[in-house]
Every structure is written in structure tokens, then in C-alpha cells.
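Here is a short note for a colleague opening this entry for the first time. Please keep the structure in view while reading the points.

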Amino acid sequence: MMQYAFTLQPNHGRKTKKSPIAETKDKDNESKEPLKIGDRSTSDVVVRIRTHEGRDEWIYCHSHIIVKKSKYFADRLSENWPTCQILDSRNCVEVHCEERDFDYQITVLRFFYAQSDVTVTDLCNVANAIGILRVAFELGCPQIISTCVGYLEAVPWEESEEEEILKTIPKMGSQAEQVLARLQPVNRGTVVKIFVSAIRFATSSPECEMKDLKTSAQEQIEYMLTEDDDAPLLTADDEVKSEVRDCVNGLLARFVNVLESVDEEMKMGLFEAHLSDLSWAFQIVAKLEIWGDFVDTWVEASAKIVRVAEVAFLLTGVAKLKVLEVTAKVLETVAYGSVVLPSVKRLHLVKVWLAFVRLVKSSVDDSVAVSDDSVVVSDDDNGGGGGDVAVKSDDEVWQTLEGAFVLMILALPSSDQAEILTEWLENKQIRYPDLTEAFEVWCYRSKVAKRRLGLLDGDSRKTNGV
């Protein structure tokens, strides 16, 4: 913020001068030669620009020019405001400003002497326009303010420039509020419309060339629903949830159709694309807690998915990982009871996916070439066509799968647990998933079952008076 200081010097018997504004008319009748800033011989006022850091510059100016362009100078050089006479009886106005605005102060003074009004060409760039606008606002220069505002409202901003605008413009009130038009919040109806359009596109099946656009839409949908330092842009109501559910169900239906014809080479690309979309879609339905239809469809289609996945010569390592990612999310949802399934379906889910996960993990462990953050799975080792396929090693997926299997097994009837644990103990791939915890709990429960249930039965008889 600029500060301005003025001092009234004693007259010491000198004749009182006309005020600069009163002399303006006389000046206009003088030589038609354009006056220049800094011309001491023709100047009648000194603008002294100073900073707290010690910069100090005296600019020789002409009062009839600066009072026309600036309300601030018009007020300070009027008969109603005391000024300090220095240097050959010239009036002096001191301007105290921040260091960052020092050069802009001089620039604005130079603009006063231009033969035409300031244009956007004179501003050069956003940073200059912001600095000039700050000074013009403090000096009360409507034409310069209008040009700066029009320029800033129309041009793109860098992130750092946007932050500076947010610090500067709100202090200026209605004169500059149009600059902030692009940053204003919009009403909920507008947000819902763009969200619905985005979710429909994000769950559609566009051409491969539009993959990047689709990925961007998916990222922004997730951002709109995420609470971070700010509240979510959109709080989902029944209408929004219904739209999301319909879009995801449509994606799932197309995925099931792809499974039916995946033996065609063209369909394998669709299979992988749908897996990627489904991995993202599950995160969305999980945020909205509408994952029931997704889980049901995945459970029903599990056998088909595994059958396709086992056709290894058609399946890349990346697709295998996507299958595991979605399966891990579904199993974890069921394991923690977020979606409740009958024991028959849970048993089916465990049996189908336990065998596949064990097979893939064993294949990865046997054929990886370890690097810092990835593993390479040979297509030849997995029955695929030549070349190596890079597969990102994701320990979190393996841990999620293992933990979900343990919880789901322990929630099954004890006889079903025994069947699964027996098969695990006899399998060569006993290392993963490690079902030791489930085995220990099963052993304990089975050993004490008669005693514990007997006590409960006895308590029940006493309660019933038997």
C-alpha cells in the first residue's frame, strides 16, 4: 500500500502562487510542443518516489498533465491541500510505495505523457498489468485502470499470476471485479450438468485416440468428489447417485459382452480398456457407497473373467494386473461387509479367485527381473507372444488380496474353511496367499467348538427352564 506525505513550508513573505490547477489553462495556451517527463526547465512540480528500502527518485513533472490523468494528484495539487515548495518554488508531492511498485510508479507517470491513451500493447504481459493496475488504483487513474482490467479479464494467467491477482483485485472493489469472473463459484445446477456429462463420457467407449481425454475426465470426476483442503465440489444426492449407477452399470454390461467374444483379437483391446475403466469406476462407486451392483456383476462374471485371463497368449501382463486390482477392491468390500453376500456366493468368489491369484503370483515370482519400481514378466513364460511386457509391481494389491482372502475364509462355515485350507496345505504355491492366520483360527475354533457350543446350549436350557 502506498503512503503519501506532504509538508507545508512557511511563505517567508513570498507572493502566493496560483494553484497548479488554476494555472492549467495558462499552460494549455503555451507552446504546442509536447512536454516531456523529467524536463526540469519546463516543470512546475516534483514527484518524489520513495521506498522503505531507501530508493529515492525525483521526477520533474507538469502539474496540468498529471492532474488531468490522476485524481490523487488533482486532489493534492488543489488549493485545498497543503503542499511543500522546494527547488525553485516547485511544488513537491512525496509518494511512498513498496519496493515492487517503484518501477511501476515511474511507468504510470510516463503513461501520463503519452500522446494517446494507454492500450493493452503498452502493458506487455500479465505481471506488468497487475503492477500497473495497483499503482493506477492508488493514484486514481480511471483510463489506465479500465485498460488493465480489460486486459487481465481477457488473457490467460499462469498459476503464480492467478495467486497474485487474488491478492490484488479483491481490494479494488467494483472497478476490477470483472477480472475475477473466471474464478467465481457456480451454482449446483451447473456443477451437476457438467458432472453428468463427464461421467457419461468417462464410462463410454470412445475411439482409442480419445483415451487421454477420457482419462482426464475420470481424474476430474474423482477430484470433484474428493474432500481435501476444500469441501467436495459436488455432494452426491439421489439424482447424482442414480446417474453414476446407470453409467457404471452400462460399463459393466459392455464388459460382460466383451467377455463373450474375447477370442477375437480386436476384443482383447476392448477387454483391457474396460478393465482400466472398471478399476477407476469402482473408486467412484465406493466414494458414493453404491457399490452393490458392481460387486454383484463381478461375482456373477468371475468365472468368465478368470477363463479369459487364463488364455494367457491373449492377455498382457498389464491386463492381468488390472484384473487383480479390480478383484482386490471387490474382495475387500465383501470381506469387510460393505456389501453383504450369502455364504454360497462368498465361497464361490474365494474358490474362483484364490486359484487365479495364486497362479499369477507364482508366475510373477518365478519370472521377474527385479528393478527399483517395476517387474518384467516374460510373455513366453505366460504363454504369450514374443517380447517382454512391463508390469508394475504393486505390493499393496497383493497384500489387499491376501488380507481379504483370510477374512472371507474365516467368515465361511467351518466345513468350507476346512476344504479351502486342506487344498492350500497340499498346494505347491503355499507361500501365497499365506493363510496361516486362517488356519490357526480354524484350529482353535474347531478344538473348542463342542465345549463352547455346549456351554451355550446349557445356558439356553436354563433360560428355557429345562
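**Notes on the predicted model**

1. Start with the overall make-up. The protein chain holds 18 helices and 7 strands. This is a predicted model. Of the 466 residues in the protein chain, 42% are buried. The accessible surface comes to about 25,800 Å². Carbon and sulfur atoms account for 51% of that surface.

2. The largest nonpolar core has 79 residues. V244, F294, W298, W353 and L401 have the most contacts inside this core. Leaving out residues up to four places away in sequence, W353 touches W298, S302, I305, V306, V323, T327, L331 and F405. There is also a second, separate core, with 48 residues. Its members include I49, C61, Y104 and V135.

3. Now the hairpin. Strand β2 (residues 45-51) and strand β3 (residues 56-61) run antiparallel and are joined by 6 bridges. V45 has C61 as its bridge partner in β3. The hairpin has 4 residues between the strands. In this hairpin, G54 takes a positive phi near 105°.

4. Is I49 buried or exposed? Its relative accessible area is 1%, under the 20% cut-off, so I49 is buried. Setting aside residues up to four places away in sequence, I49 touches R55, D56, E57, I59, V95, C97, F102, Q105, I106 and L109. I49 and D103 are 54 residues apart in sequence, yet their C-alpha atoms are 9.6 Å apart in space.

5. Helix α4 (residues 102-112) is mostly covered, with 8 of its 11 residues buried. The buried residues are F102, Y104, Q105, I106, V108, L109, F111 and F112. An α-helix has 3.6 residues a turn, so residues three or four places apart point the same way.

6. On cysteines: how many disulfides does a search of the whole structure find? The search finds 0. C61 is buried, at a relative accessible area of 0%. C97 is buried too, at 2%. C124 counts as exposed, because its relative accessibility of 57% is over the 50% cut-off.

7. Two residues other than glycine have positive phi values to inspect. C124 has a phi near 75°. C124 sits in the loop between α5 (120-123) and α6 (126-139). E289 has a phi near 55°. Its place is the loop between α12 (265-288) and α13 (292-309). E289 is exposed, with a relative accessible area of 61%.

8. Check the peptide bond between Y432 and P433. This bond is cis, with omega about -10°. P433 lies in the loop between α17 (414-426) and α18 (436-463).

9. Finish at N187. This residue is in the loop between α8 (159-168) and α9 (188-202). What does the side chain of N187 reach at 2.8 Å? It reaches the backbone nitrogen of T190. A polar atom of the N187 side chain also lies 3.1 Å from the backbone nitrogen of G189.

Note on methods. Residues numbered from 1 in each chain as written. Predicted model: local features only at pLDDT ≥ 70, side-chain atom pairs only at ≥ 80, totals over all residues. Heavy atoms only, no water. Polar contact = N/O pair within 3.5 Å; in protein donor to acceptor, adjacent residues only side chain to side chain. Core = buried A, V, L, I, M, F, W, Y, C linked by side-chain atoms within 4.5 Å. Buried < 20%, exposed > 50% of the residue type's maximum accessible area, 1.4 Å probe, protein only. Contact = heavy atoms within 4.5 Å. Disulfide = S-S within 2.5 Å. Pairing = 2+ DSSP bridges. Areas by Shrake-Rupley, 256 points an atom, 1.4 Å probe, with all protein chains shown as cover.
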